[in-house]
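Subject: Handover of a structure

Dear colleague,

Please find the structure below, together with its sequence.

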Amino acid sequence: MASTADHADHADHAGDAGHAHHEPGFVKKYLWSTDHKMIAMQYLFTGMVMALIGGYFAYAFRMQMAFPGQHVPGFGFMAPGEYNGLVTSHGTIMIFWVAMPVLLAAFGNFLIPLMIGCDDMVFPRLNRLSYQIFLISAVVLVASFFVHGGPFGGAWTAYPPLSAKAEYNLTPLGATLWLVAVALEFVAFLLGGINFVTTAMNARAPGMRMWDIPIVIWMIVLASIMFMASVGPLVAGAAMLLFDQTLGTAFYDPARGGDPILWQHLFWFFGHPEVYVVLLPALGIVAEVMTVFARKKLFAYKTVLYTAIATGILGFFVWAHHQFIAGIDPRMANVFTVTTVLISVPIGEMCFVYIATLYGGSIRLTTPMLWALAFLAEFLIGGVTGIFLGASGSDIYLHDTYFVLAHFHYTFFPIAIIAVFAGITYWYPKMFGRMLNETLGKIHFWITIVGFNMAFIPLFICGAAGDHRRIYDYSSFPDLAKPYLQNLRILATVGTIVILFGQIFFLINFFRSLRGGPVAGPNPWRANTLEWTVPSPPPHGNFAVMPTVYRGPYEYSVPGREEDFWPQNLPD
Amino acid sequence: MKPIATTRSATGIPTGRLALWWVVGSEIVIFGGLLASYIMHRIGHPEFGDYAAHTNTWAGALNTFVLLTSSLFAVLAHQAAEKGDGRKAHRFLWYTIGGAVTFLVVKGFEWTHEIHQGYTITANAFWSFYYTAAGLHGLHVIAGAIVMGVVAHKAKRNEELQRVELVGIYWHFVDIVWIFLFPLLYIAK
């Protein structure tokens, strides 16, 4: 019934478009569009530009670590304050302006309407507003690099009193702009998240039951809900910090009845769920890629879903493991140790489910599949090292060392880089209508993976040997200035340069294939989900005839069928 | 022109109402975080009670009464909109806006008085919380009043009557936040 109404509506729509067809101008098409696909591209390209900035910063401060006090080619000499600013900006950019916009906003915007079978988000103008606020937030952050005093240098976690008082951080404007940028970014993602959740709940194609929704959509929706539920206290906390900075209020000032630890609670109550906010979409992307290239049904769809929900709930009860040495009650530390170790159960379960999906499949080692497999392997190292940090006993020793840094890069790099490349290389034909070059793709993959492990395995050793994260130059610490540690630091820096070098192959491949790649056709991977039933790239309005869904998204290699895939919209 | 997506309702809940509940949900955690922070401080600092003694409980009580009454008008506006009587809904919405304005005027007198006595936002953590929490709530009152003006303008011509309910839900939320703020900031001495 609903489907007939849709058909009729859409026929009218197509007729109107036929009569009043005109090419929209540049601004209307690229900057002021309400089309979810264009907004996804805006988020993707903004994220890519920010990733290059963040990568450049990483290069600069890693060079300082490897060759302290020497001239850094392409940067110059680095002062201690500059070093702090670069490290802070790198962390802030990579999490808030790369991982979030690409994983949640770019993939969310592109995939949700296409995969659930509708023509756009339920609130297209709200969607446009969300990107515009996000763009302003990026501009504010970049502007903070150029103000008097330089960018904020108090770490991306922005603990007071360092972040609250200009006489401590010496960046009066930079600290405020940083905070304003982060707050605007939160507003953008709250608007976007409400849109995602409402769209996925209400605008599904007729026939699409809860269990027919592709896992990646579930993951993006769960991540949006987690973001909404966790960011609120930090929005309040950010307002309080802003007032402390600008008005001189007493929220985080113990001398006047405030408490600096309050910020740590508010920050990590958001900050830890945030890890899962970006992890879940990454796991979703990997699920889509793996089922297609193993030509096999996802092992235990419902288990994946329940596990993700369990992760989402448990993720709210682990935040204080970031604060074991902040003077919290040891009894509380025990509770948080238990919850932290518990949360590795659902995540481990998810890894096993993916391995079970691969088992017995006919695996094709295409570029997206290589990225997806690398995600599992590398994320595993990140997860296992997390146990050492989640247990309060060992964390007291390892806290704030390079071990922590290597650990969270082994979680965030697979999430924000490896899974994102799996997604980009997988959906590129759908986004731009052309195939990427497989050879360049594989060169890019291997250089990135080798560089990544070369950069961060040495840092585990440095951290275990006692390297503190926030030191600008080790030469004045005799115990840490030993040659073997310095060699490891140089190795890590070389790894960073290798990663950055590898991205040149990606950029060449990306931009060359836009025009020069072989034409993809609607379904180059022979996949089941609805986005592969429309032309590549999909036209405005996506579906010529609104689809009806007859089955789940992972019906690959079904016995008795001639084809090894079975599109969701194909009647029995 | 609305996309097909906007007209669908797989859950059976109208899209506008569904989205509004998510908005309210995200607002609850914002105020929740602020109030939880305040409560933790209040427990740890008995002297907050002495500072709270300087707030004007009667003005707070008056404002509680004003907000609750305005919420009643929001309900009456919804009732009228349900019956398709846009003009009546428009009138009740303006009564609600009147409540919002009264609330802000009372608040203005209170704050002026307190600031004159030297209890500014920077005096100590209690007053920082007092002005920030009530100020954030006040911003929601102002935003609600503006949105209600827009909805009332349309409702008068019997357009978009479903929005009367949505703005009413939001207004009840603003009201409930105050129900928490009033005892926490004024009464707990």
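The contact between the two chains takes 42 residues from chain A and 30 residues from chain B, where two residues are in contact if their C-beta atoms, placed from the backbone, lie within 7 Å. This is a predicted model, in which local features need pLDDT of at least 70 and side-chain atom pairs count only at pLDDT 80 or more, while totals for chains, interfaces and linings use all residues. Residues are numbered from 1 along each chain as its sequence is written, and chains are lettered from A and ligands numbered from 1 in the order in which they are written.

On the side of chain B that touches chain A, the elements that give two or more residues are α1 (4-7), α2 (15-44) and α6 (125-156) of chain B. Helices here are DSSP runs (H or I, at least four residues) and strands likewise (E, at least two), numbered from the N terminus. The largest share of that side, 14 residues, is supplied by α2(B). By residue type, the side of chain B that touches chain A has 14 nonpolar, 15 polar and 1 charged. In this division Ala, Val, Leu, Ile, Met, Phe, Trp, Tyr, Cys and Pro count as nonpolar, Asp, Glu, Lys and Arg as charged, and the others, Gly among them, as polar.

Chain B as a whole contains 7 helices and 0 strands. Its C-alpha trace spans about 55 × 35 × 25 Å along the principal axes. Of its 189 residues, 43% count as buried; a residue is buried if 20 or more other C-beta atoms lie within 10 Å of its own, exposed if 12 or fewer, and partly exposed in between. Among the contacts in chain B with a separation of 6 or more, 79% join residues 24 or more positions apart.

Ala77(B) belongs to helix α4 (residues 57-82) of chain B, and it counts as buried because it has 31 C-beta neighbours inside 10 Å. Leaving aside residues up to four places away in sequence, Ala77(B) touches Ala89(B), Phe92(B), Leu93(B), Thr96(B), Val164(B) and Gly168(B). By contrast, His137(B) is 60 residues from Ala77(B) along the chain, and their C-alpha atoms are separated by 23 Å.

In chain A, helix α14 (residues 402-432) packs with helix α4 (residues 80-116) at an angle of about 35°, with the axes 11 Å apart. Axes are lines fitted to C-alpha atoms, for helices over the stretch in contact, and angles run from 0 to 180 degrees between N-to-C directions. The residues that make this contact include Met94(A) and Phe110(A) of α4(A), and Phe412(A) and Trp427(A) of α14(A). They divide into 13 nonpolar, 1 polar and no charged.

Helix α14(A) also packs with helix α15 (residues 438-464) of chain A, at an angle of about 170° and with the axes 8 Å apart. The two helices are therefore roughly antiparallel, a term for angles over 145 degrees. Among the residues that meet here are His409(A) and Phe413(A) in α14(A), and Phe452(A) and Phe456(A) in α15(A). This contact divides into 13 nonpolar, 4 polar and no charged residues.

His409(A) counts as buried because it has 20 C-beta neighbours inside 10 Å. From C-alpha to C-alpha, His409(A) and Phe452(A) are 9.2 Å apart in space, and 43 residues apart in sequence.

Yours sincerely

Methods:
Angles under 35 degrees count as roughly parallel, over 145 as roughly antiparallel, 65 to 115 as roughly perpendicular and the rest as oblique.
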